[in-house]
Amino acid sequence: MPRYLARHVLFAACFIGFFSANSSAQIESKPLRIIAPFAAGGPTDVATRVIAQKLAEALSRPVIVENHPGGATMIATQLVANAAPDGNTILLTAPDFVINAFIQPKLFYDPLKDFAPVSHVANAPHILIASAALPIKTLAQLKAYIQDNPGKVSYASAGAGSSAHLATEVMNYQYGITMTHVPYKGTAPAYNDLIPGRVAVMIDGAAATLPRIQSGLVVPLGVTSAKRIAILPDVPTLAEAGIKGYEVNPWYGLVAPIGTPADRIVFMNTAIKNALNSSELKKKFSDMGLDAVGDDPQSFGRFMKSEVAKWKQVVQDAHVKAD
């Protein structure tokens with residue numbers, strides 16, 4: 001190679017190396033944003049902030065949680081879909097992320113094609129609860145109450161198309177009952193009507209239901225998962241209570257905009273898995289009724305594919321539509 005050409009090649013390599021290192025430094029100096037599609041202050045938000053704290057320690061960079069509730073989680077999802085794929089923005093996902101594909105008429109994203117899986121964070125068994133103001137202490141009593149009050153019994157959810165909405169519709173379908181759906185903008189306002197009995201029942205996360213169960217405001221009728229949960233060991237699963245084969249197990253995960261460099265996804269995944277494997281975080285999650293998972297991006301990708309297939313079938317069988 002001619003000497004002058006070699007000098008140019010060396011200069012170009014140094015320039016590219018400097019530029020890449022400088023760009024990486026700029027990226028790492030920025031906060032990692034976790035965009036959450038749920039309101040601040042709830043159990044999901046608390047769990048996300050626990051993860052954020054552990055990630056900040058592992059990554060040695062600021063990690064902030066931004067809450068963008070509303071639009072059946074699509075406001076937050078669109079924000080991340082439009083974000084630069086530079087490893088600085090990730091989205092907290094739940095079953096709504098894939099459910100929307102089958103109930104929203106104008107969905108702007110494909111959950112499998114437009115996002116890169118980072119990690120399956122946790123499974124979140126939910127509880128079917130009834131207002132303590134009503135004569136409903138068991139699943140069988142709920143069915144009898146509906147039969148005695150035809151067309152008058154309603155159930156609450158955190159919003160049309162939410163996983164709790166579909167979980168209840170699946171229950172209705174499999175148990176042969178009919179209730180009117182009353183969607184709310186989050187579970188907090190739903191409790192305002194559930195506790196005095198203006199709506200009869202609701203499915204919600206274990207962490208949110210536990211203090212209300214302990215205070216006697218609501219009555220647990222069954223757990224949505226296949227197994228009982230540690231923080232409510234005396235509460236049967238809905239399958240045990242009489243709905244044969246019933247199992248709906250909500251979950252949380254993290255995804256990044258498609259095109260995010262693979263090395264950044266692997267780096268974040270490793271930090272998340274390490275955090276989820278810590279005894280401190282496992283204890284915090286268990287106290288909130290969550291089962292920490294933490295797997296590799298490929299496994300989470302396969303899990304999401306299975307969720308897409310499952311919820312597509314659920315929506316078809318239960319004839320669920322967005323209200």
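Two strands pair if DSSP finds at least two bridges between them. Helices (H or I, at least four residues) and strands (E, at least two) are DSSP runs, numbered from the N terminus. The model is predicted, so that local features need pLDDT of at least 70 and side-chain atom pairs count only at pLDDT 80 or more, while totals for chains, interfaces and linings use all residues. Residues are numbered from 1 along each chain as its sequence is written, and side-chain values use heavy atoms, with hydrogens and water left out.

**View 1. The six-stranded open sheet and its β4–β11 pairing.** The strand order is β2-β1-β3-β10-β4-β11, with mixed pairing. Strands β2 (63–67) and β11 (291–292) form the edges, each pairing on one side only. Strand β4 (residues 115–123) runs antiparallel to β11 and is joined to β11 by two bridges. Within this pairing, Ala122 stands opposite Ala292 in β11.

View 2. Axes are lines fitted to C-alpha atoms, for helices over the stretch in contact, and angles run from 0 to 180 degrees between N-to-C directions. Helix α12 lies across β3, β4 and β10 and runs at about 85 degrees to β4.

**View 3. The packing of α2 against α10.** The axes of α2 and helix α10 (residues 262–276) cross at roughly 120 degrees and come within 9 Å. This makes α2 oblique to α10; angles under 35 degrees count as roughly parallel, over 145 as roughly antiparallel, 65 to 115 as roughly perpendicular and the rest as oblique. The crossing is right-handed; a crossing is left-handed if the near helix is turned anticlockwise from the far one by less than a right angle, and right-handed if clockwise. From α2, Ile51, Lys54, Leu55, Ala58 and Leu59 meet Phe267, Met268, Ala271, Ile272, Ala275 and Leu276 of α10. By class, the contact of α2 with α10 comprises ten nonpolar, no polar and one charged residues. Ala, Val, Leu, Ile, Met, Phe, Trp, Tyr, Cys and Pro count as nonpolar, Asp, Glu, Lys and Arg as charged, and the others, Gly among them, as polar.

**View 4. The packing of α6 against α12.** Helix α6 (residues 163–175) and helix α12 (residues 297–318) pack at about 50 degrees, with axes 10 Å apart. The two helices are therefore oblique to each other, and α6 passes α12 in a left-handed crossing. Leu166, Glu169, Val170 and Tyr173 in α6 meet Trp311, Val314, Val315, Asp317 and Ala318 in α12. Seven of these residues are nonpolar, none polar and two charged.

View 5. The order is β7-β6-β8-β5-β9, and the pairing is mixed. The edge strands, β7 (180–183) and β9 (218–223), each pair on one side only. From one strand to the next, the twist averages 30 degrees. Strands β5 (residues 126–131) and β8 (residues 201–205) run antiparallel and are joined by five bridges; His126 has Gly205 in β8 as its bridge partner. Helix α8 (residues 206–214) packs on the sheet, touching β5, β8 and β9, and its direction makes about 120 degrees with that of β8.

Notes. Contact means heavy atoms within 4.5 Å.
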